[in-house]
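The following paragraphs accompany the sequence and the model shown below. They begin with helix packing and then turn to the chain contact, the domains and the confidence of the prediction.

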Amino acid sequence: MWDGMLSGMLTGISTTMIPMNIAMVLFGCFMGSLIGMLPGLGPITAVALMIPVTYGLDPSSGMVLLAGVYYGAIFGGSTSSILINAPGEAATVATALDGYPLARQGHPGKALAVAAYASFSGGTISVIMLMIFAPILASVATSFQSADYFALMILGLTAVSAFAGRGGVLKALLMVVLGLMLATVGTDQTSGVQRFTFGSLELLDGIEFLLLAMATFALTEALSIVLKRDESSDSLKPRTIGFKNLKVTKSEFKQIAPTIGRSSLLGFIIGVLPGAGATLGSFMAYGMERNLASPEEQKKFGKGSLRGLAAPEAGNNAASSGSFVPLLCLGIPGSGTTAVMLGALIAYGIEPGPRMLTANPQVFWGLIMSMYLGNVFLLILNLPLIPYFARLLAVPRNFMVPMILFFSLMGVYLVTFNDFDILMMVIFCIAAMALRLMNFPMAPLLLGFILGGLMEDNLRRALLIYNDSFSFMWERPLTLGINLATLLILVFPMIRSFIARRKGGGKPGNEVVVEV
Amino acid sequence: MAREKVGALVMLLFSMAYGLMALKIPLSFIAQNEFFTSRTMPYALAVLGLILSLLMLILPTVDPEGKKHLKQVTHGMDWKTAILLVVGMIFYGLVIKWLGFIISSIIFLMFGFYVLGERRLKRMALAAIPLVIFLWFVMSSLLGVYIAPGELFYMLGIL
């Protein structure tokens with residue numbers, strides 16, 4: 001096992017350490033930080049916006065760049081959370097709980113530095129765990145058959161709903177189904193029959209995943225800023241924020257070190273669970289740290305506690321790496337962002353899953369090693385650059401919103417050169433905006449859409465192997481085990497609400513509501 | 001009606017329409033005798049969509065955010081600007097083929113800046129023109145991607 005890992009690491013190092021890929025990691029971290037820092041824009045949008053740039057690159061460079069963007073966007077989101085209390089996305093909401101008060105107390109530099117150190121440590125610890133566990137899981141997964149894959153995809157899609165928070169299960173499931181429905185548009189690959197194309201030539205190849213990702217995330221987020229009259233960026237004057245003191249004392253380091261260790265471990269485990277992702281990782285880490293703290297220490301939480309800041313930062317970074325485990329080993333995304341990355345992998349012609357380790361080791365290991373490099377770059381580059389990055393937060397929305405819209409539309413148009421795609425994006429954007437206003441989450445839709453085609457193929461194949469019988473769902477012990485896990489996940493929210501009702505007399509408890 | 005219920009109703013109608021359209025998916029004679037056809041997955045999804053949206057309509061709304069009415073949520077929103085931006089995007093999609101990438105993109109960006117309240121023409125031009133030209137240069141000269149000029153130029157005999 002160790003030999004395989006060592007040779008894999010060497011493959012990864014040789015892939016990552018070429019000047020082109022180092023530049024890609026650097027560029028990805030930089031762009032991710034910039035985009036992630038903009039209020040309202042999270043890692044999904046950042047990754048989706050950067051995908052068109054990667055189409056001209058070879059797959060390993062493309063994935064290396066996207067991983068850098070992912071990390072950078074999470075770090076960038078923390079910066080806007082700490083400085084202006086405007087989390088770019090749900091995963092950095094917990095960071096704002098203590099980061100913003102700390103910045104308001106006159107220590108923005110220290111808050112950003114603690115966030116940077118915690119992110120670096122969380123990311124590094126989880127990358128090491130990813131290096132150990134991903135190949136093991138991938139080697140086990142090589143024995144998987146179509147039936148297992150179909151069951152795994154059902155598990156992944158169901159898990160997204162289970163973590164959707166109080167009252168969000170049905171909504172998330174409905175969005176998964178909608179995503180699967182959209183995936184059926186176009187020519188059926190097996191029979192060659194046209195489905196839901198309405199005679200349009202443009203729909204013969206189905207809906208472009210990038211188009212859907214941009215329309216449901218980037219465009220709608222930009223329009224949300226306008227609709228909600230969000231002027232948080234207009235009110236910031238970064239020059240008035242002091243960054244003189246980025247120093248963290250030795251005693252403060254001692255205070256946050258165990259927090260970072262615990263939160264990283266928890267974050268990684270949560271990240272591995274399909275559908276959980278960085279948001280749950282950060283909130284769980286914050287919750288755990290608050291529960292572990294002494295009553296005296298607990299009072300400081302929410303008022304600028306260093307532990308309260310370090311925990312979610314380490315947790316969300318570790319979970320981000322953890323979410324790569326199901327993506328790389330099983331071809332099933334663990335979060336909305338990895339779903340977009342899965343779409344990118346498919347677009348590069350790479351089949352994600354256990355065979356990726358043997359068929360494309362340079363992409364597999366290159367990605368893992370680039371994550372480590374990305375963490376280092378983020379630490380050594382972002383700390384000194386924070387004051388300059390923060391100025392971006394002061395770009396007025398008059399300029400920022402049209403530019404986001406332009407880059408989103410261009411991102412799709414410059415790949416397909418089809419003006420019909422722009423119009424289709426607008427239609428999807430309006431539909432997604434309406435669904436958002438009705439409180440429906442978008443990430444499950446994207447997950448369903450990306451897995452739709454694969455799921456149908458695997459189901460068709462499994463039925464063919466088992467003579468049109470659904471007995472494949474229980475005949476193989478592995479498939480049965482996965483299906484039982486799915487069932488457990490479906491029952492989990494019911495058990496949770498039952499326990500909450502028993503504990504709190506029917507009132508909602510102190511639980512974390514997560515938008516996946 | 002709670003906004004979640006409105007969403008469930010929309011999804012119910014969508015699932016019904018999707019299911020009805022799935023009936024029209026053409027099947028060859030051989031395919032008609034197969035167990036799994038091009039219609040199977042859409043049928044299953046339509047049924048699932050119907051069940052889930054009906055469950056959402058019947059069961060009480062638990063999420064406090066979902067209980068809010070649409071009117072309550074949309075109150076005070078800047079619809080005028082958002083609609084103008086959507087119109088701008090549609091217009092951009094319609095004219096890009098005719099005016100070409102550079103001109104239509106500059107118009108779109110400057111329209112967007114204007115709609116969002118910017119009135120300094122010089123600033124708008126300085127933000128839009130260099131950005132579009134830089135992007136065009138990167139795509140066409142550095143990455144070697146051919147971006148066709150607008151068809152209008154061919155029609156007018158300029159190109």
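In this predicted model, A:Pro43, A:Ala46, A:Val47, A:Met50 and A:Thr54 of H3(A) meet residues of H4(A), among them A:Gly62, A:Leu65, A:Leu66 and A:Val69. Two residues are in contact if their C-beta atoms, placed from the backbone, lie within 7 Å; helices (H or I, at least four residues) are DSSP runs, numbered from the N terminus.

H3(A) spans residues 43-54 and H4(A) residues 59-84; their axes lie 9 Å apart, at an angle of about 155°. Axes are lines fitted to C-alpha atoms, for helices over the stretch in contact, and angles run from 0 to 180 degrees between N-to-C directions. The two helices H3(A) and H4(A) are therefore roughly antiparallel (an angle over 145 degrees). Their crossing is right-handed, a term for a near helix turned clockwise from the far one by less than a right angle.

H4(A) also packs against H6(A), residues 108-141, where the axes come within 10 Å and cross at roughly 155°. H4(A) and H6(A) are therefore roughly antiparallel to each other, and H4(A) passes H6(A) in a right-handed crossing. H4(A) contributes residues including A:Tyr71, A:Phe75 and A:Ile82, while H6(A) contributes A:Pro108, A:Ala111 and A:Leu112, among others. By class, the contact of H4(A) with H6(A) has 8 nonpolar, 4 polar and no charged residues.

Between the chains, the contact takes 46 residues from chain A and 55 residues from chain B. On the side of chain A, H18(A) gives the most, with 10 residues. That side has 28 nonpolar, 7 polar and 11 charged residues.

Chain B is divided into domain 1 (3-74) and domain 2 (79-155), with bounds from an automatic or database domain assignment. The centres of these domains, taken over C-alpha atoms, are separated by 38 Å.

Chain A averages a pLDDT of 82, and 89% of the residues score at least 70; pLDDT is the predictor's confidence in each residue, from 0 to 100. Over residues 506-516 of chain A the pLDDT is below 50. Where pLDDT is low, the predicted coordinates should not be read in detail.

Residues are numbered from 1 along each chain as its sequence is written, and chains are lettered from A and ligands numbered from 1 in the order in which they are written. In this predicted model, local features need pLDDT of at least 70 and side-chain atom pairs count only at pLDDT 80 or more, whereas totals for chains, interfaces and linings use all residues.

Terms used. Ala, Val, Leu, Ile, Met, Phe, Trp, Tyr, Cys and Pro count as nonpolar, Asp, Glu, Lys and Arg as charged, and the others, Gly among them, as polar. Angles under 35 degrees count as roughly parallel, over 145 as roughly antiparallel, 65 to 115 as roughly perpendicular and the rest as oblique.
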